[in-house]
Amino acid sequence: MVPLAGTHKRRLKRGGLVVLALLLLAGSAESRGAPPPRPGGPSAVTACLTPAGELTADLNADGSPDRVSDPSRVGARLTIVFGVGSACETTAGARALADRAGEHQSFVRAAVADFDGDGWSDLLVVAGARQRGDDPVRPEVSELRTGPFSDTGRGQRTMPLDLGAAKDIAVIDIDHDRYPDRLAHVYSGDGLYETRVHLGDRDAGLRDGPREDSGTTDGAGRGIADDFLHAGLEPFHPRCAAGATAGSPDPARPSCRGCFARGDCQCLRLRFRQWDPPERPRVRPGEGCVMSTGSSSVSTTYLELSQDDGGAHKFYEVAVDGTVVTVRYGRIGASGQVQTTTFPTADKARAAAAKKVGEKVRKGYAPAVAGQRAARPVSRRQVASAPSTARAVAPVLWRFRTGSSAFGIHVDDDRCWVGNQAGDVYTLDHDGGVLARFTLPDGVKCLVADDFWIYAGCDDGKVYDLSSKLPFAAYDITADVDIFWLDIHEGILNVSDRGGRLTVIDHEDEHQWARRSQGEHAWMVRADDRAVYHGHHRGVTAYAPDGGGELWHTPTRGGVLFGWQEEDAVYAGTAHRVVQRLSKATGEVEATYRCDSAVYSCATSPNGRFVFAGDASSSVYCFDRDGTRLWKLGTGGGSALSMQYRDERLYLVTTDGSLVCVDASESAVEAAQQGTVPVARDVKLAAALPTYAPATAVSAVATVAQAPAGAIVVECVQRAGRVRVHVVSDGYDASWNVQFPREIRQPGARYVVDALHPAAGGFYRVRGDIRRLL
């Protein structure tokens, strides 16, 4: 039993410490000084990220840009430069921002993000003693200080937080909802650390305590936990516009150059405190160029957003001609999409144009001259193909050389499809006879099928529907998506890109949701009713089809280079010489199929009875369901970049741009292994080949004076500034939209189509030819 006197001394000691701590906390608030005055308008600085990942924003509401960097990624070396480039420039590190209560602690961590969603960045500070022994020691300071905050860390409000015995902190978007989440590396006792996530959202951004815990134990806690490698502010801010001064103040605000020249920071703050922001955008229509058209003038504003890191590279143009506002937008170097809206008066047209321009400028767009920036080169898969080490060559029946590198392949009951980087898509019968050619504006990345419909994803960011004689652009993917692969299910487009993002677009070519997976270089995306399966260099991640969140994530042996799916499993071909079969329900690895080189493509026979793979050494493999290798043969013409199995034939697209048909029957393979193969037939193009190009204007559509018997009439109608297409004929739901080419939509125009099919999402899809009804 402890003597009473000793207990009394301990209580006195603890009481003295409590009093001392209270005094320190009281002095802390005083030493931080007053917070910046609450601004009466929006920030003068457009928050954005530099190519180095630094945040440029106005943190203390003085109207000048401040810069935030954290090279440690865990809050240890967070540095803020207030008033970048001005006479008032001040640098503060994490320890200075923690102030007296935290400056003498063993460690100090700080992070900056807009947690409460009010447009001003907030400051998160944790400071305390280093962990020793078995029991966690909570930090002395664990606070959220709402912005704007001063260069001494004084915010509008100070909120204590319970982050546990945090060692490191960071900001992350773990649930991909575009609201900052708090990430903490926490000592849990007995020498173990774990990573905890405190989710933020519109309503609970400041709520204390974790709404979700990630209980991944990190052992001794040395170094950076894996989750911190994915932390950062990229999901919350655009990239700073190339060629512009990142975070430059609003030119509409009063000039403070005199204040800067005199080093008079009080003058600077007073001017911006009293400034009442005008209700107009920073760039107004007419600041671009004015073109005379007859007796009237067209006021045109042209903006661009181009990021040096390979992100956005797009333009936005608004033209006002009297009461008509025309908006053109898309990828720099492309013609883009056009939308035209008519307003009751010229004043309303100018106001609408000003609003549109203001929205884009706030997102980082800047005035530019059309044509000065070139189109950004698209990412193409860089592949190396070595000679095969197989002792025998595959029994090739026929080979069709497309004339350019090719990735796209699809085989159905009637035809074989192949698309190349010259923008050509050819259809052939199963015996190699060339049937038709589609000429698309740019290189074909992939071909995908969704029931009856066949689509080609191209380097111009468009996805073309090739299901009829009149191909058309069914989807136009946003310019900041560097497309790697795509899939379409029930009319919903799923796009994976270079940065590891998954973007989902609906039948009206409108963005639905997006997620950033754990890895980059996402060469795989597959979709069905239960999930969207996204393969990247860290594995495969499954997401709910409605964007509700991640269902599971499974690391793979090496980065995913290709994907395939069957009813209950997805197959991932990887850079580490394997194909792995994953359960769609749980993500569990059910089987592994080992090759001798990196796997560029894979496919299965129905229900996954046989699994096929093509590697970087010009070989193709066949495995049984459990992973036993049945055979390996050389392709005789480069590595297979895509493949599909159908009716005992294996169709390959190889690195030399050829579509190859291999006899994969048991007897043919056995003969090939003994050295007996058929003489491959080289397919030649017919002298007169039907050729089809996409419809880009109404004039390209055939016309009819009246609807043929059995045809269905649809009409273009303008609703809320957008042109939709609805069914006029009886027997259909007139409230449903019809997925229809945007290039030929004109309010009031009527068309006849061969057939309409209802989709699960509550819209109709056109099947067959489209003709305009006069």
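Helices (H or I, at least four residues) and strands (E, at least two) are DSSP runs, numbered from the N terminus. The model shown in these views is predicted, and local features need pLDDT of at least 70, while side-chain atom pairs count only at pLDDT 80 or more and totals for chains, interfaces and linings use all residues. Residues are numbered from 1 along each chain as its sequence is written, and side-chain values use heavy atoms, with hydrogens and water left out.

**View 1. D62 lies in the loop between β2 (55-57) and β3 (66-69).** D62 has a relative accessible area of 5% and is therefore buried, a term that stands for under 20% relative accessible area, with exposed meaning over 50% and partly exposed what lies in between (1.4 Å probe, protein chains only). P36 is 26 residues away from D62 in sequence, and the two are 8.2 Å apart in space, C-alpha to C-alpha.

**View 2. Strand β7 (residues 122-128) is largely enclosed by the rest of the structure, because 7 of its 7 residues are buried.** Both faces of β7 are covered, with D122, L124, V126 and G128 buried on one side and L123, V125 and A127 buried on the other. Two strands are said to pair if DSSP finds at least two bridges between them. Strand β6 (residues 107-113) pairs with β7 in the antiparallel sense over 7 bridges, and V112 has L123 of β7 as its bridge partner. Strand β8 (residues 141-145) also runs antiparallel to β7, joined to β7 by 5 bridges, and here the bridge partner of A127 is V141 in β8.

**View 3. Another open sheet has 4 strands in the order β36-β37-β38-β39, and its pairing is antiparallel.** At the edges stand β36 and β39 (589-594), each with a single partner strand, so that one side of each is left without a neighbour in the sheet. Strand β38 (residues 578-583) is joined to β39 by 5 bridges and the two run antiparallel, with A591 in β39 as the bridge partner of R581.

**View 4. Helix α7 (residues 666-673) has A668, V669 and A672 as its buried residues.** Seen down the axis of α7, these buried residues fall within an arc of 95°, so they line one face of the helix; the arc is that of the directions from the helix axis to the C-beta atoms. E666 and S667, on the other side of α7, are exposed.
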